[in-house]
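Here is a short report on one protein chain. Please look at the sequence and the structure first, then read on.

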Amino acid sequence: MSENFEWQQPEPAVIELAQAHGVGTEYWDYYGNQANPSRQTLLAVLTALGVDVSSDEAIARSLEDAHLGFWRQTLPGFTVVRQGHWKHVPVHVPDGSSVRVDVVLETGGTVALEQVDDWEPPRWIDGVFTGQASFGLPTDLPLGWHELVAYVGDDAQGVRAPMAVVPDKLELPAALGKHSYGVMTQLYSVRSKDSWGIGDLDDLTELASFLGDEGADFILINPLHAGEVVSPLTDSPYLPVTRRFVNPIYIRPENIAEVARLSGPQRSLLHWGLDELRPLNTSAAPIDRNVVFKAKREAFEVIYDAGRSRSRQRDFERFRAEQGEGLERFALWCALCEKYGPMKSWPERLHDANSAFVANEAHALAGRIDFYAWLQWIADEQLQRAQAEAKASGMSLGIMHDLAVGINPHGADVWTSPEVFAAGVSVGAPPDMYSPLGQNWSPPPFSPTGLAKAGYAPLRDMVRTVLRHAGALRLDHVMGFFRLWWIPEGHSPKEGAYVYYDYEAMIGVVLLEVQRAGALVIGEDLGTVEPWVRAHLAERGVLGTSVLWFEKMEGDWPLYADRYRVDALSTVNTHDLPPTPGYLADEHVALRSRLGLLDCDKEVALRDSREEREKMLIRLREYGLLSDDPTEREVIEALYAYVLQTPSRLVGVSLVDGVGERRTQNLPGTGEDEYPNWKMPLCDGSGDPVLVEDLPNNARLLSLLAVARAGVVK
């Protein structure tokens, strides 16, 4: 725990107040023990939720407010109903007042609701005798984003509140077979001879074309969310400044249509920039995003300044209008960072995105706002091409995007919509087997109350934009849609508490946008996940995630293949583990020992790892998948053959396993001064870089893909 931290028992009023606001006052830890957050933790979390706990009197008032809040609302703040399900809407009005309620449909029509018999005795609320009337939502309402309007007495304007009719269960895309495989990779690591030192959307297009020909149905990539536009850039794709828009570092400059308009000298500037970075493609050294983005940015400026044809300008304007205020706000944030540096260094007057000072800056920076909006348009075009090529090559899903669990606390999303994020806390995880001290991931969490007040629009817009050119979406840490581990500022990860979310609303919003995109959704449900959560996700058509090394049965033996979940993406490893060649060689133990992250003696850790590996090899031999003296490649292929014998609908093959890479991409719980997380370029077992052009002739990869093809059932 934090130095000098003295755990204090919360009094009953604090416990009741926490529970009223969805803050867990007890939980079961990874080791099966019941634990309770301290009084200090609960008060800090309640403060982050906007609850006044500054004194005993304030706590009493806040408790009264929590009990009366439901009755103070004419309409619920946000209503979500599953299509085909009946639901009543409580409406609170002065007792005896007349009231009628309509649903204004997204398409413009209106549906009058009928009052139902659901009597509640009136209550005295803030000096007004208040009654409750209930209205039934018909089961045939169409999917979509609608609005409830309550007309009380002679009020002609009405009280309005958002509502959504969401899918009861997401059906899998018709083109998807009963059993399909795809490839998982960190896009930034996969470079070609013409890359600018980092894998980009052109590399994704080529990779998708090759893998589609090899029978893959999807390619799962790291989050492409936007990062900073000025140095220093954050390396982790899981700590973006916004999850809605794309990082322009993934744009291939020479593939922008306007390059055709450049003069000879301007083209030379592009070639010089590429020539400076091209040697990086054949280096095994960690990727330097700052160097890459500086060169790319200079190229973007040259291309942007060349202008656009009339039709291209109209295309850009249509994209800009379609993305609306969200894009304009993000582009303004980028322009301000360019002018003033990282957000942490901005003048205080600019911290309020709605201030007159910011409005003046937006007027002065109109040209730069245009530039950053243009970058998003270009990224969108190149993503569209990648998905089109993936589908044309035979993939049933194509690109599978990854939605990060959080954002940078000093990023664009927090600046533009601070009301939907909780201040003074960060998201992480309590201690577990792999992180005995717990984890602080640093993102600020969505505020459950703030998100509801916004009608879940930030979540809707984010998912809708990410799925513009994709066939599937992976939700990182899907438990975050049910509960998140909040860590108050100044506390250690051990000193947090779980905050619960309206998962019916959260999951429903996601399903509505996924269905509209004709896509599929996967929840990363690894770690401590209560069984009912997995059951709920399966009931809603959300696939789960299974990792071979984590699927255990009695005595820590590997789970039998036929006991895996059907509705899941099953894999051998994850990006938070070393590639399988490294895992088999105990790289994870050696690395953690070197960095002092083991919670036991190194020899004990090696013994446990050896025992885990031996049990796995025995299981593989039981299935007739392994000889007595196998090579590393044969063991890896046997592991994948085993996963392919599970009933899981999707199986993911790690590209790093296919080429023999041994270095891990990310070591949870470490900083950049300890390990170069999220920087490793794709290399083979000898440490030599592997380029996109090399893959179709890589015998080891082709052999593994052949195993995958042979194991799928269409």
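## A proline in a loop

P232 sits in the loop that runs between β14 (225-226) and β15 (242-246). The model is a predicted one. The peptide bond between S231 and P232 is cis. Its omega angle is about 0°.

## Two residues with positive phi

D126 has a phi near 50°. That is a positive value, and D126 is not a glycine. Look for D126 in the loop between β8 (123-125) and β9 (128-137). Is D126 buried or exposed? Its relative accessible area is 53%. Exposed means over 50%, so D126 counts as exposed.

S442 also has a positive phi, near 85°, and is likewise a residue other than glycine. S442 belongs to the loop between β18 (439-440) and α11 (448-453). Its relative accessible area is 29%. S442 is therefore partly exposed.

## Domains and a link across sequence

The chain is divided into domain 1 (12-70), domain 2 (84-166) and domain 3 (225-380). How far apart are the centres of domain 1 and domain 2? Taken over C-alpha atoms, the separation is 31 Å.

G69 is part of helix α3 (residues 56-72). G69 has a relative accessible area of 27%, so it is partly exposed. Now compare G69 with I125. The two are 56 residues apart in sequence. In space, their C-alpha atoms are 9.7 Å apart.

## Helices α1 and α2

Helix α1 covers residues 12-20, and helix α2 covers residues 39-48. Their axes come within 10 Å and cross at roughly 40°. That angle makes α1 oblique to α2. The crossing of α1 and α2 is left-handed.

Which residues make the contact? On α1 they are V14, L17 and A18. On α2 they are L42, L43 and L46. By class, the contact of α1 with α2 has six nonpolar residues, no polar ones and no charged ones.

## Helices α12 and α13

Next come helix α12 (residues 457-466) and helix α13 (residues 503-516). Their axes cross at roughly 30° and come within 9 Å. Angles under 35 degrees count as roughly parallel, so α12 is roughly parallel to α13. The crossing of α12 and α13 is right-handed.

From α12, the contact uses L459, R460, V463 and R464. From α13, it uses M506, V509, V510, E513, V514 and R516. The residues of the contact of α12 with α13 divide into six nonpolar, no polar and four charged.

## Helices α18 and α20

Helix α18 spans residues 632-644, and helix α20 spans residues 699-711. They pack at an angle of about 20°, and their axes are 9 Å apart. α18 and α20 are therefore roughly parallel to each other. What is the handedness of the crossing of α18 and α20? It is right-handed.

The α18 side of the contact is made by E632, R633, I636, E637, Y640, A641 and L644. The α20 side is made by R700, S703, L704, V707, A708 and G711. Sorted by class, the contact of α18 with α20 has seven nonpolar, two polar and four charged residues.

S492 is found in the loop between β20 (483-488) and β21 (497-500). Is S492 buried or exposed? Buried means under 20% relative accessible area. S492 has 15%, so it is buried. S492 and F446 are 46 residues apart in sequence. From C-alpha to C-alpha, S492 and F446 are 20 Å apart in space.

P286 lies in the loop between α5 (264-277) and α6 (289-305). Its relative accessible area is 42%, so P286 is partly exposed. Which residues does P286 touch, leaving aside its neighbours within four places in sequence? P286 is in contact with P676, K679 and P681. P286 and A699 are 413 residues apart in sequence. Their C-alpha atoms are 25 Å apart in space.

Terms used: Residues numbered from 1 in each chain as written. Predicted model: local features only at pLDDT ≥ 70, side-chain atom pairs only at ≥ 80, totals over all residues. Heavy atoms only, no water. Axes fitted to C-alpha atoms, helices over the stretch in contact; angles between N-to-C directions. Helix = DSSP H or I, 4+ residues; strand = E, 2+ residues; numbered from the N terminus. Parallel < 35°, antiparallel > 145°, perpendicular 65-115°, else oblique. Left-handed = near helix turned anticlockwise from the far one by under 90°. Contact = heavy atoms within 4.5 Å. Nonpolar A, V, L, I, M, F, W, Y, C, P; charged D, E, K, R; others polar. Domains from an automatic or database assignment. Buried < 20%, exposed > 50% of the residue type's maximum accessible area, 1.4 Å probe, protein only.
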